[in-house]
Amino acid sequence: MRSLVYRTAWLIDTNQPFTREAAICKLFGSEVCSRVTDKALQIYGALGYSRHMPLERAFRDARISEIFEGTNEIQRIVIAANIFQEHGVRIRP
Ligand SMILES: Cc1cc2nc3c(=O)[nH]c(=O)nc-3n(C[C@H](O)[C@H](O)[C@H](O)COP(=O)(O)OP(=O)(O)OC[C@H]3O[C@@H](n4cnc5c(N)ncnc54)[C@H](O)[C@@H]3O)c2cc1C
């Protein structure tokens with residue numbers, strides 16, 4: 001994840017196209033975050049689901065990151081369209 005972010009930041013800093021890499025960062029980062037907080041909640045058991053635990057907030061925040069600022073389905077479409085475009089094929093989402 002870190003190397004993805006660094007590569008995307010480098011593309012931005014060097015004025016190169018970064019749409020696909022940014023979409024990959026958002027997609028992969030949010031899914032990793034969801035997976036990690038889901039596992040953490042499982043370890044904590046019911047306590048992790050309680051509003052008294054910071055984990056509950058982290059779990060919700062991770063999940064919503066798969067939805068806002070472009071849902072992960074849309075990120076996949078952006079990535080796919082970008083790859084097709086690179087090979088001279090235009091797709092309409
Ligand atoms: C806490 C929070 C903060 C937010 N902040 C902002 C903000 O600051 N500014 C702002 O503009 N918006 C904001 N939003 C809105 C957010 O960006 C939208 O919720 C998000 O874009 C998804 O839109 P939607 O909820 O209308 O879902 P819909 O567009 O109705 O989509 C529903 C589901 O269908 C899927 N879907 C839709 N179209 C396709 C397709 N073509 N192919 C495959 N799957 C598809 C989506 O991926 C999603 O899973 C916020 C939302 C939340 C919950």
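Helices (H or I, at least four residues) and strands (E, at least two) are DSSP runs, numbered from the N terminus. Residues are numbered from 1 along each chain as its sequence is written. The model is predicted, and local features need pLDDT of at least 70, side-chain atom pairs count only at pLDDT 80 or more, while totals for chains, interfaces and linings use all residues.

**Exercise 1.** Find how many helices and strands the protein has, and give their pattern along the sequence.

Solution. The protein has 5 helices and 0 strands, and reading along the sequence gives the pattern α-α-α-α-α.

**Exercise 2.** List the buried residues of α2, and state which helices they pack against.

Solution. A residue is buried if 20 or more other C-beta atoms, placed from the backbone, lie within 10 Å of its own. In α2 the buried residues are Glu21, Ala22, Ala23, Lys26, Leu27, Ser30 and Thr37. They pack against α1 (2–13), α4 (54–64) and α5 (72–86), where a contact means that two C-beta atoms, placed from the backbone, lie within 7 Å. In the protein, buried residues make up 11% of the 93 residues.

Technical notes:
A residue is buried if 20 or more other C-beta atoms lie within 10 Å of its own, exposed if 12 or fewer, and partly exposed in between; C-beta atoms are placed from the backbone.
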